[in-house]
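These are my notebook entries on a structure I looked through. I wrote down each item as I looked it up.

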Amino acid sequence: MRAEVSKIQDYAIIGNGRSAALISNRGSLDWLCWPRFDSASIFGAILDAKTGGYWSIRPAGAAKIRRQYIDNTNVLETTFSIGSGKMVVTDFMPVTSEEEKKRRLWPEHEIIRQIRCDEGETSIVVDFDPRLDYGGIVPKIKNAGKFGWRIDIGTNVFTLRSEVELVPSDGDGLSAKFTLKSGDVVAFSLTFSAEAPGVVPPLDKLATEKLNLTIDWWRQWAAQSNYHGPYERHVTRSALVLKLLSYAPSGAIVAAPTTSLPERIGGDLNWDYRFAWLRDASFTLHALFGLGYKDDAEAFVDWLLHATRLTRPELRVVYDVFGERPPPECELPQLRGHRGSRPVRIGNAAIEQVQLDIYGEVVEAVSHFTRKSRKLDRDMQKMLRQCAEYVCEHWYQPDNGMWEERDERRHYTHSRLMCWVALDRILDMQARGQLDGISIEKCKAERQRIREEIEMRAWNSNLGAYAQACGSHEIDASALLLAYHSFEDASSQRMRQTHERIRERLVPRLGLVYRNERSMNRHEGAFAVCSFWEADFLARGGKLSEARKVFEAALAYANDVDLFAEEIDPETGDALGNFPQGFTHLGVINAALALRDCEGGTVGFKS
Amino acid sequence: MTRMNIPYLLGTIFTPDRDRAKLIGFFLHFANGWLFSLVYVAAFQILHKATWWLGAIIGLVQAIFVLTMTLPVLPALHPRMADEQYGPTVVRQLEPPGFLGLHYGIRTPISVLVAHTIFGIILGAFYVVK
């Protein structure tokens, strides 16, 4: 049992396109759900240091710590320097090509933690203390001799193997204390099997071989990017994060790999983000195509079509990785929450909400797809016709909006904007000869009505800005997206005024933007993606130098390995909310693309 | 119930490729079912009767044979299965079944007994001795 609590930005992520683990800068693996992102946790100390479960590898004394990802990979290296000794812990989930997997047996899921002593001599302490089912089950760990240590739970088995002797600890886990000399390397492997007899890999050379294969695989993936522009290091890291958040068997991309990391420390704004939100669809496709990840973009569109098939013409706000309905939201009383932020929730009640913006997101995503890739097949055309029909019939209704407010439904400006986007892009595709069977006159008429509604009712002349909702007096950072989606030129009088109001009311300091005034009153942090929307907006408006300043100021809030959470505490700069957050990293990529394209003069307003 | 995935176990004799192993193993397991049914039929013919309970007894006997005789020698027969005594190697990484197949889950022996008994009941109930 341990008492130390890490902050959200102290973590880094590793993964394999099916699940992910968070490892603190103290060498403690504090979050892991197997076999998929939304499975129950086996390590959950990030949500409760006492009962969540963890697996720590650290030197036996205070050490200077530095960590990094091996270049262009999701392989994490944490270096501990203590006196004359230096040890490096390399953490990764093995990944490789399908061809390689055909050559040799591979475990269903595996984490390898390899320790290398680079200098001097280092005493090392390992504590392995898993807690299954979100800290609810203290598992029995059985000694299986040459097959390591096993945890049998139902038909599932976890197997821990190591090259050093592990012994039962004072608590319920295992521990090891040993010394490594310069040049020594030892490895630990934790595997999981559910569907068949487990594959129990040997360590030693095979662990190093898997490390090399994993590094090669990530580098080859990263090399598919055609991005060569400003802030390339951050763009590449953001792309690698997105890849870690994608569920390879289906192509879905989850919003974040965690649940209930708080938007306010000690507060109750704790939600489960281990699902795929349609809200992120168009940003995702824009980023993937923008960087040249055509296969990943196509996989995402395939998931989009598959996931929405059963509910069309209505779309759900959120789906699980296989397009099913996420479980109902419930609280886990056994966990005390990250730094006391209760309750810990699993499942997400957003499933019950109405968000009209998602129709625009989906249509815009398909529109990116058709611009950059193949033609529209029959299924896509059918979905677009259904979306057009649905939007024409429902755009004027109130909804919960992109921020998923739970109090009441409103006529959100952003929802109107995205309904306009849906019809506009459908008409574009029709004009390009990619889509038929829609009522052109009706779509054009409704698109015009939505434009008039936004220009007349969402514009608040007293405020001198586009408001959060029609008839509202509140400001919302999502108004910046009116330019992103080409509804209005970023350099127009109205958009400049809207930006000024956002600066006055929602920007506590350069590089930080609250999403709206309500979130400020709730003492949430600044919403990280909004900073990148601001940089994007400024770039589109031709203010490139200012855009760079905002972009760089926002990047300064990333942690030491360039990862972002959902929000940033303006007072302390600490990360808040689920981590790492795909939406924020999409913002990084899309703003960098806008900067590159605007500097090259290839982005303009489509009138 | 159990991780004793017979198609996967049989298929990995021929290939380490997980998907291909399951496919090959499925056909092998299917063919095995037909072959073993001939043994059941032979027993019915020798005893001049075929009833559901007789099929159940033969199934039970086969299950006990599998659990106590076949599974313990599997690591020696399977080219990719690790041995209890020597542990895993680069080629032999597949977890061995252990006593009564308990390494594949605590319900493995029950699953094997139930599955073979049902197989015997079906054959005994529908086979007509001529």
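Entry 1. I looked up the handedness of the crossing of α2(B) and α4(B), and it is right-handed. The model is a predicted one. I then noted where the two helices lie: α2 covers residues 18–47 of chain B and α4 covers residues 108–126 of chain B. Their axes are 11 Å apart and meet at an angle of about 60°. Because of that angle, α2(B) counts as oblique to α4(B).

I also listed the residues that meet. From α2(B) these are B:G33, B:S37, B:Y40 and B:F44. From α4(B) they are B:H116, B:F119, B:G120, B:L123 and B:G124. Sorted by class, the contact of α2(B) with α4(B) has four nonpolar residues, five polar residues and no charged ones.

Entry 2. I turned to chain B as a whole. How many helices and strands does chain B have? I found four helices and zero strands. Along the sequence, the pattern reads α-α-α-α. The C-alpha atoms of chain B fill a box of roughly 55 × 25 × 25 Å along the principal axes. Chain B has 130 residues, and 42% of them count as buried. I also checked the contacts in chain B with a separation of 6 or more, and 53% of these join residues 24 or more positions apart.

Entry 3. Next I looked at where the two chains meet. Chain A brings 27 residues to the contact, and chain B brings 28 residues. Between them the chains bury about 2300 Å², with 58% of that area on carbon and sulfur atoms. Which residues of chain A lose the most area to chain B? They are A:L105, A:F147 and A:P197, which together make up 30% of what the chain A side buries.

Entry 4. I looked up a helix pair in chain A. Helix α3 of chain A spans residues 205–222, and helix α4 of chain A spans residues 232–245. They pack at an angle of about 115°, and their axes are 11 Å apart. The angle is why I wrote down α3(A) as roughly perpendicular to α4(A). The crossing of α3(A) past α4(A) is right-handed.

On the α3(A) side, the contact is made by A:W217, A:W218, A:W221 and A:A222. On the α4(A) side, the residues are A:T236, A:A239, A:L240, A:K243 and A:L244. By class, I have seven nonpolar residues, one polar and one charged in the contact of α3(A) with α4(A).

Entry 5. Between α3 and α4 of chain A there is a loop, and A:S225 is found in it. Is A:S225 buried or exposed? Its relative accessibility is 17%, so A:S225 counts as buried, the cut-off being under 20%. Setting aside residues up to four places away in sequence, A:S225 touches A:L291 and A:Y293.

Entry 6. My last item was A:Y11, which is found in strand β1 of chain A, residues 11–15. A:Y11 has a relative accessible area of 1%, so I noted it as buried. Leaving out neighbours within four places in sequence, I found several contacts of A:Y11, among them A:S6, A:L22, A:I46, A:R67, A:N559, A:L563 and A:F579. I also looked up A:V561, which is 550 residues from A:Y11 along the chain. The C-alpha atoms of A:Y11 and A:V561 are separated by 8.9 Å.

How values were computed: Residues are numbered from 1 along each chain as its sequence is written. Chains are lettered from A and ligands numbered from 1 in the order in which they are written. This is a predicted model: local features need pLDDT of at least 70, side-chain atom pairs count only at pLDDT 80 or more; totals for chains, interfaces and linings use all residues. Side-chain values use heavy atoms; hydrogens and water are left out. Buried means under 20% relative accessible area, exposed over 50%, partly exposed in between (1.4 Å probe, protein chains only). Contact means heavy atoms within 4.5 Å. Axes are lines fitted to C-alpha atoms, for helices over the stretch in contact, and angles run from 0 to 180 degrees between N-to-C directions. Angles under 35 degrees count as roughly parallel, over 145 as roughly antiparallel, 65 to 115 as roughly perpendicular and the rest as oblique. A crossing is left-handed if the near helix is turned anticlockwise from the far one by less than a right angle, and right-handed if clockwise. Ala, Val, Leu, Ile, Met, Phe, Trp, Tyr, Cys and Pro count as nonpolar, Asp, Glu, Lys and Arg as charged, and the others, Gly among them, as polar. Buried area is the accessible area (1.4 Å probe) that two parts lose on being put together, summed over both.
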